[in-house]
Amino acid sequence: MGGMDVGGGIAGKLWNKFRSESVFVNYTPFFVCLAAGNLSADSFHHYVSQHVHLLNAFAHAYELAEECADDDEDKKAIRNLRKYVQAKLKSHDSLVREWGFGLPEERSLTNATVKYTDFLSATASGRIEGERFPGKLATPFEKTKVAAYTLGAIAPCMRLFAFINKEIQALLDPNDSTHIYKKWIDHYCSENFEAYAFRIEELLDTLSISLTGEELDVIEKLYHQSMRLEVDFFSSQPILQEAVVPLSRTLDPAVGGELSIFCDFDLTCTAFDSSAILAEIAIITRPKADPDGSETQLARMSSADLRSTWDALSAQYTEEFEQCVESITTTETAETFSYEGLCEALEQFAHFEKAANSRVVQSGVLKGLNQEDIKRAGQRLIFQDGCKGFIQKIMKNENLTAAIHVLSYCWCGDLIRSALSSGDVKALNVHSNELSCEDSTTTGEIIKKLESPMEKLQAFNNILNNRDEDGQHLTVYIGGSVGDLLCLLEADIGIVMGSSPTLRRLGEQFGISFVPLFSGLVAKQREVVEVGSSYWKRLSGTLYTVSSWDEIHAFILGSSS
């Protein structure tokens, strides 16, 4: 998701901290259909009718905040914000007509709208969890504090709205007059609305200057709570048409709908490569002798010597990997997608990976590791934000027929299993290499199962071939390395995690297209209207890109709440 500079005060800091949650609004059926230009008029009317209630709640909150503000300039600034909302309410009907729509019927508040408006009213009235105001707000400082809290509850809504509409606007052709929601989108991308959002944030910064650390923490909680209520508000908007999100809802359990999710492990799920972690365990817990009691050259090595050996292996791997990439990308770039050319190039990576693994075994650096140490290290692995939570939600979801398979070059499946396992979830399917052990201690040998892109693809296809042939099946592969390319292309939906320059460079060399996932979803939603089905069919040579696991979560499961 793109960035947006909102200043360096508390408003900017809170937006930067919680901005990632905007994907759970962006990826709602409401916004995906709206961006595609085919959101039903009834769904839009429902949203407009609920939005009027929110506008009234904002106006009332501003009125209470103005009463609480101590400084005349602050009162005037809040009054101007309230006037902006009141003017918007007065011109609301004409704006809706200007956007090309009839006026919606009066509708009762939904639960999500009630929760949001009650939250705004309670905050502006000083009824804030964790805060104890004795009776009425007596002192000017207590009142000013509540004014700041109120602005903290309002600010994320306006910033989120401006941000998401700019994301959508970037996908539209400025000269396309057929998009029925273009005027609505342009309205919320206007300089006028951006200035309004900025004035709220600027005033929040001003009102927060004299607050204590604990009071700033309250503002942070209110800001985050408001973001979550905004997610719930848009997630609850009724959609009366087929939508491509969330993916889990497009699978019909009545006809045996099943979702198979495959993912790489190192640097896709984790923040660090597992090979370095295993080497670090070896260095820290270096063996004193072989299991049979005889000393070896490794046993006599100091930790410094062992680290030196590993550093040399790592440096050689990096150097040869770069050489391998260079030898492939110096060839002529394919004009169209060339699967055969890609497979031929990846054969070089297969030879390279196998040779590197053989050097590791010969060095003996993986000898003498205790299995319990490996499992403890797995439990302490640092994951990419949102990854572990997403996997566990998939595995705990009783309403979704889904399986998760980890396909990894990792040398030790036990490390993966201990990192991802949880006592209250279904068993995880791990497909990787293993470390050979005797009496719970590694021998230094690698039981080699997955060492190349082709072996990964073979494992992927073997899993699919063992599925029940009946029913509706959908496969998603999530990866971020060169070794994932063939599986990414074979899956119904291939999602590239992160921004590996090597993967992109190699992919583009052979005509692979990389499309941001949200942009791809909007295009797919347009296709739904033309074809009449939200079922995914693999696009040859096309992969989707994301920058976070939150995007994957929002796409597959919907709201994170």
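Tutor: Helices (H or I, at least four residues) and strands (E, at least two) are DSSP runs, numbered from the N terminus, and the expected span of a helix is 1.5 Å times one less than its number of residues. Helix H4, residues 41-68, has 28 residues and reaches 41 Å from its first C-alpha to its last, which is close to the 40 Å expected at 1.5 Å a residue. The model is predicted, so local features need pLDDT of at least 70 and side-chain atom pairs count only at pLDDT 80 or more, while totals for chains, interfaces and linings use all residues. Residues are numbered from 1 along each chain as its sequence is written, and side-chain values use heavy atoms, with hydrogens and water left out.

H4 is mostly covered, since 21 of its 28 residues are buried (under 20% relative accessible area, with exposed over 50% and partly exposed in between, for a 1.4 Å probe and protein chains only).

Now turn to the sheet, which is open and has 3 strands in the order E2-E6-E5, with antiparallel pairing (two strands pair if DSSP finds at least two bridges between them). Strand E2 (367-370) and strand E5 (434-438) stand at the edges with a single partner strand each, so one side of each is left without a neighbour in the sheet. From one strand to the next, the twist averages 55° (axes are lines fitted to C-alpha atoms, for helices over the stretch in contact, and angles run from 0 to 180 degrees between N-to-C directions). E5 is joined by 4 bridges to strand E6, residues 441-447, and the two run antiparallel; Cys 437 stands opposite Thr 442 in E6. Helix H16, residues 371-379, packs on this sheet, touching E2, E5 and E6, and its direction makes about 60° with that of E2 (contact means heavy atoms within 4.5 Å).

Elsewhere, Ile 261 has its place in strand E1, residues 258-263, and is buried, with a relative accessible area of 1%. Not counting residues up to four places away in sequence, Ile 261 touches several residues, among them Phe 390, Ile 394, His 405, Val 476 and Ile 556. By contrast, the C-alpha atoms of Ile 261 and Val 146, which are 115 residues apart along the chain, are separated by 47 Å.
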